[in-house]
Amino acid sequence: MYEEDIEHALRARKYNAIRADERELINAITYDTDGVIKRRPCFSYSEEFIAELQEHDINVCEPDEESNDEWTFTLPPMY
C-alpha cells in the first residue's frame with residue numbers, strides 16, 4: 001500500500017542530498033583562492049553537474065573507491 005510512497009520518498013531524499021552537495025561545492029568555488037577544492041568521497045554529484053563543471057574548465061578527479069581518495073576539483077586560473 002505504501003510501497004510507491006516510500007520509493008518516491010527515498011528517491012527524493014537522494015536527489016535532495018545530491019543537490020545540497022552541489023550547492024555546497026558551488027559555494028566553495030565562489031570563495032576559493034587556492035584553485036584546488038577537495039571533498040570527502042561520500043559526497044555525490046550528478047553526471048550533469050560534473051559535465052557542466054568540466055565544460056567550464058574545472059578538472060574533476062573522482063575518488064577511487066579502493067583507496068578512499070577525495071573528490072578533487074582543480075579550478076581554472078583567476079583572471
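1. Cysteine 61 is partly exposed, its relative accessible area being 37%. The terms of exposure used here are buried for under 20% relative accessible area, exposed for over 50%, and partly exposed in between, with a 1.4 Å probe and protein chains only. The model is a predicted one, in which local features need pLDDT of at least 70 and side-chain atom pairs count only at pLDDT 80 or more, whereas totals for chains, interfaces and linings use all residues. Residues are numbered from 1 along each chain as its sequence is written, and side-chain values use heavy atoms, with hydrogens and water left out.

2. The structure holds zero disulfides, a disulfide being a pair of cysteine sulfur atoms within 2.5 Å. Cysteine 61 is in no disulfide, and its nearest cysteine sulfur, that of cysteine 42, is 18 Å away. Cysteine 42 is likewise in no disulfide, with the sulfur of cysteine 61 as its nearest cysteine sulfur. At 54% relative accessibility, cysteine 42 counts as exposed.

3. Two salt bridges are found in a search of the whole structure; the criterion is a side-chain nitrogen of Lys or Arg within 4 Å of a carboxyl oxygen of Asp or Glu. In one of them, the side chains of arginine 19 and glutamate 22 meet at 2.9 Å, N to O. Arginine 19 and glutamate 22 are three residues apart in helix α1, and are therefore separated by about one helical turn. Glutamate 22 is buried, with a relative accessible area of 7%. Helices (H or I, at least four residues) and strands (E, at least two) are DSSP runs, numbered from the N terminus.

4. A salt bridge also joins glutamate 24 to arginine 39, with the closest N and O atoms 3.0 Å apart. Because glutamate 24 lies in helix α1 and arginine 39 in strand β1, this pair ties together parts that are 15 residues apart in sequence. Glutamate 24 counts as partly exposed at 32% relative accessibility, whereas arginine 39 counts as buried at 16%.

5. Four aromatic pairs are found in a search of the whole structure. Rings of Phe, Tyr and Trp (its six-membered ring) pair if their centres lie within 6.5 Å; planes under 30 degrees apart count as stacked, over 60 as edge-to-face and the rest as tilted. Tyrosine 45 and tryptophan 71 form an edge-to-face pair, at 4.9 Å centre to centre and with 90° between the planes. Tyrosine 45 lies in the loop between β1 (36-39) and α2 (47-55) and tryptophan 71 in strand β3 (residues 71-74), so the pair ties together parts that are 26 residues apart in sequence. Tyrosine 45 and tryptophan 71 are both buried.

6. Tyrosine 45 also pairs edge-to-face with phenylalanine 73, at 5.5 Å centre to centre and with 85° between the planes. Since phenylalanine 73 lies in strand β3 and tyrosine 45 in the loop between β1 and α2, this pair ties together parts that are 28 residues apart in sequence. Phenylalanine 73 is buried, as is tyrosine 45. One aromatic cluster is formed by Tyr45, Phe49, Trp71 and Phe73.

7. Methionine 1 is found in the segment before α1 (3-31), and at 89% relative accessibility methionine 1 counts as exposed.
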